[in-house]
Structures are given as C-alpha cells and as structure tokens.
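Trainee: Could we go through this model together, starting with the ligand and its surroundings?

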Amino acid sequence: MKQIIIEGNKSLSGKIKIGGAKNSVVALIPAAILASGNVKITNVPNISDKDALIEILKLLNVKVKKQTGIIEIDSSEIKNNVIPENLSNKLRASYYFMGALLTKFKKVEMYFPGGCNIGSRPIDLHLKGFEALGATVKKEEEDSKYIIEANELKGANIFLDFASVGATINLMIAATMAKGKTKIMNAAREAEISNIADLLNNMGAKISGAGTEEITIIGVKRLHGGEIKVIPDRIEAGTYIIMGALLGKNLVIEGMIPEHNIVLLNKLQEMGVDFKLQNHKIILNKSKNLNPTNVRTVVYPGFPTDLGQPMAVLLTQAHGISLFEETIWENRMGHVKYLNKMGAKIEAERQHAKITGPTKLHGEQITATDLRAGAALVTAGLIAEGTTIINDAEHILRGYERIINKLSSVGANIRITEI
Ligand code: UD1
C-alpha cells in the first residue's frame, strides 16, 4: 500500500503546470486503435490509468512507443478482441475498448469495467447504443462478461436517457465506421468529448457537433493515422486552484484553459477568493474571510462532480453554512468521515451535505476511498496542523500526475512511501 504523508499548514508559492486531461487520454488511447496507420498522442499525463490502458494495448498486439509525454500507437498488427477480467476491471475507461474493438473486429469480449467505487455505474446506455447501431449484446458469467457482436454496424438515431460522458464517447467511436449517418442526441458536452472527436476527425472520421447536445457522425470506410494533443486537465487545474485558495502566496496555476473551469471560478468569486486570471494561468492567494456558498454538481458545463470533494474542503473554511448536493453519483461522500475525523463539521446524508465552517483541521491517519476523495484528503492534509497520513494513495496516482513533485515544488511538505 502507498501512503502519502503531509506536514500541513505551509504556504504554496511558485508555479504548477497542469498536465493533459486524464478523462481525455483514457479515451484517446482506445480510439487510436481504429487507425490503420500510426497515431501520435502528445501532452500525455503520467498517470497510472494510462499505464493500465497500455497494458491492454499490448495484450491486443498493438505496438506502443513511449517517450515523456508522448505515446505512439500502431495497430497494424492488432489481433485480439478479448480483454480478460483482471484488465477490464482495472479501470472504468476500459469500456472504450468495447466501442473500438466492436468497430475494428465486429466482435468484442470483455468484462464489466472497474474504476472508483462512487455508485452503481451501469453501462446500459453504452449497450443500448451499440444495439441501436446493429450489435447484439450477450451477457455471461453472472452478467459480468459481455460479448458484443455485429455483422455490420449501421448508423442510427440514438437518444441518451442521460448525458453520459462514457456513452457519448463510446458511441461516437463505434459510429465512425458504421454505414450511414448516426445522431447522438442528449450527448454529453464535456470538453474532453471534443478532444476525442478532434482525433477521430484527424484520422479521417466525419464527426460534427462534438461539445454540443447533438453529435452527427457520417460513417467512413477507413481511418488513417493522425495526431492529437491532449487538452489540459480541468479537474487537476480545479484541484490546485482550490489548494491555492486555501494556501496560495502568489501561487500560479499555468497551462490551463480557464473557460473549462468557469463555474468553479464563479463560485470562488462568490466566496471572495483572491485570484487573478491571465490568459492560460491563474494567480491565487490565501483568502481570509471566505463566504459560504451552495454547490450542486451537474453535467458539463455545470459544477463538475469530480471537483465536488476537493471543493468540500474549501467550504470547511468558509464562515457559515454551505449546502452541497451531488447529483451524478450516488456514493460520493467517502471523504466526509475522514474530514470530520480531522475536525471538519460536515453532516452528510446520501447525496447531500451541510458544511459548517470555519473549522480548524488537524492531521490524522485517513484513507483515500477513491480518486477525488483522495484529492480532497490531500487538500485537507495541506491545511491541517500536524501530520496527515493518507492510506491507499494509489487511488490518487490514477489521476494526478506527479502530484508529490508538483506540490513539493511549490512549498508543500509532502512525500509518498510504500508500506
Ligand atoms: C466520466 C468521468 C468521471 C466523471 C463522470 C461524470 C471518465 C473516464 N470518467 O465517467 O470522472 O465523474 O464522467 O462527469 O471520463 N449512467 C447510466 N448508464 C450508463 C452510463 C452512465 O445510468 O450506461 C449514469 C451513471 O450511473 C451516472 C451518470 O450516468 O449516474 C454519469 O455517468 P457518466 O457520465 O457515464 O460517467 P463516466 O463516463 O463513467
């Protein structure tokens, strides 16, 4: 088990550069196998979820060349369309191989995807979409194994009951070479979706409307190689912005796209956080009298669910009562118990929380229950008096590249050990 150890209450000053988006790269890698040529992905973050996908590529006999921040993928000798359980359930984004392998081989066999334990996380919208495109879905081994196949994929009109990020991307991938026209309605609009569409279009796909509620895909016969730069990670940026609001001394977060974090920045303004926006960077200072506010996570461009947990830590330092509601995931309060152990005053029930602040936090031994809960605990450890030890820190490394180096370089006393 990896543990992160933090001696808290140190100012943060200097610069943190934001890396490529986790939620983009985990879809770009599976999408790349559709090309008959070489695909180059740049600005690739160094996170363990990316490594898990590369492991799957190797199993499929796809050639992968890696340099710092760059991956080149050559699928000319791809020969496998079966992903075993231990790799399928290593991460959530393995589900993008369903769409990609179904397109490539007209058949895929894999298991239910893994990922953070933040709710039931069904994949019914993905499967219904594949069926609409002409595939049949068979479930085996107590519904944990999926065999999806089609004689031919055919364009269709697909209305998503919920604007699911994963289903939107997976169906966009599966429709790129389907015969005719596909429309995905009530599509998710997350910035990452346009990044994936850009790669597919660079490979010769005909996708329009990505980033809006209606995406149109005209099927093409073949996709060639291409190149894409991963967009900056808006969740990583948002997490460091929150840390800067708590501990910044002219802390500069650079290499981000401020429009992708507009809702967070609006909330911070409402709370009275001291920040200045300049092109692709933001400069933050610790703010003394934070106002409480209410936060409700919703689909993009609303307040991102993935920042809800770090945001809760900021709310513990506001003067008064803040109300928090999580509307996307049913089980995203794993951090609350540990924040309360550290001195916070949070009353949580299911998807609602009432946070009373300000409360002084103190170091404790606590556990990261999932990726973003882990980020919240790191944030709490940074402002706490004394030593915080975070168990199961592997969760955090899935999505925050070089977090220890980045925070140490701006003055945090933080280290990681393996026990
Ligand atoms: C993605 C992100 C994750 C983020 C989430 C919401 C990746 C790899 N992960 O996850 O960080 O928290 O978007 O912004 O990009 N749903 C169904 N049936 C489905 C699919 C989803 O009911 O087939 C429900 C889910 O249970 C959840 C909601 O839709 O309540 C949102 O899920 P979705 O947008 O699909 O999230 P992910 O793509 O898994």
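Predicted model: local features only at pLDDT ≥ 70, side-chain atom pairs only at ≥ 80, totals over all residues.

Trainee: Which residues come nearest to the ligand?

Mentor: Residues are numbered from 1 along each chain as its sequence is written, and side-chain values use heavy atoms, leaving out hydrogens and water. A residue is near a molecule if one of its heavy atoms lies within 4 Å of it. Of the 20 residues around the ligand, those that come nearest are Asp 124, Leu 125, Ser 164, Asp 306 and Ile 328.

Trainee: Which residue has a polar backbone atom 2.6 Å from an oxygen atom of the ligand?

Mentor: A polar contact is a pair of N or O atoms within 3.5 Å. A backbone N or O atom of Leu 125 lies 2.8 Å from a ligand oxygen, and for a backbone N or O atom of Gly 166 the distance to a ligand oxygen is 2.8 Å. At 2.6 Å from a ligand oxygen there is a polar backbone atom of Ile 328.

Trainee: How much of the ligand's accessible area does the protein cover?

Mentor: Accessible areas come from the Shrake-Rupley method with a 1.4 Å probe. On its own the ligand has 740 Å² of accessible area, and the protein covers 88%.

Trainee: Which element gives the largest share of the shell around the ligand?

Mentor: Helices here are DSSP runs (H or I, at least four residues), and strands are runs of E with at least two, numbered from the N terminus. The elements giving two or more residues to the shell are α1 (22-32), α5 (124-132) and α6 (165-175). The largest share, three residues, comes from α5.

Trainee: What is omega for the cis peptide bond that joins Gly 357 and Pro 358?

Mentor: Most peptide bonds are trans. Pro 358 is in the loop between β20 (352-357) and β21 (365-367). For the cis bond joining Gly 357 and Pro 358, omega is about 0°.

Notes:
Polar contact = N/O pair within 3.5 Å; in protein donor to acceptor, adjacent residues only side chain to side chain.
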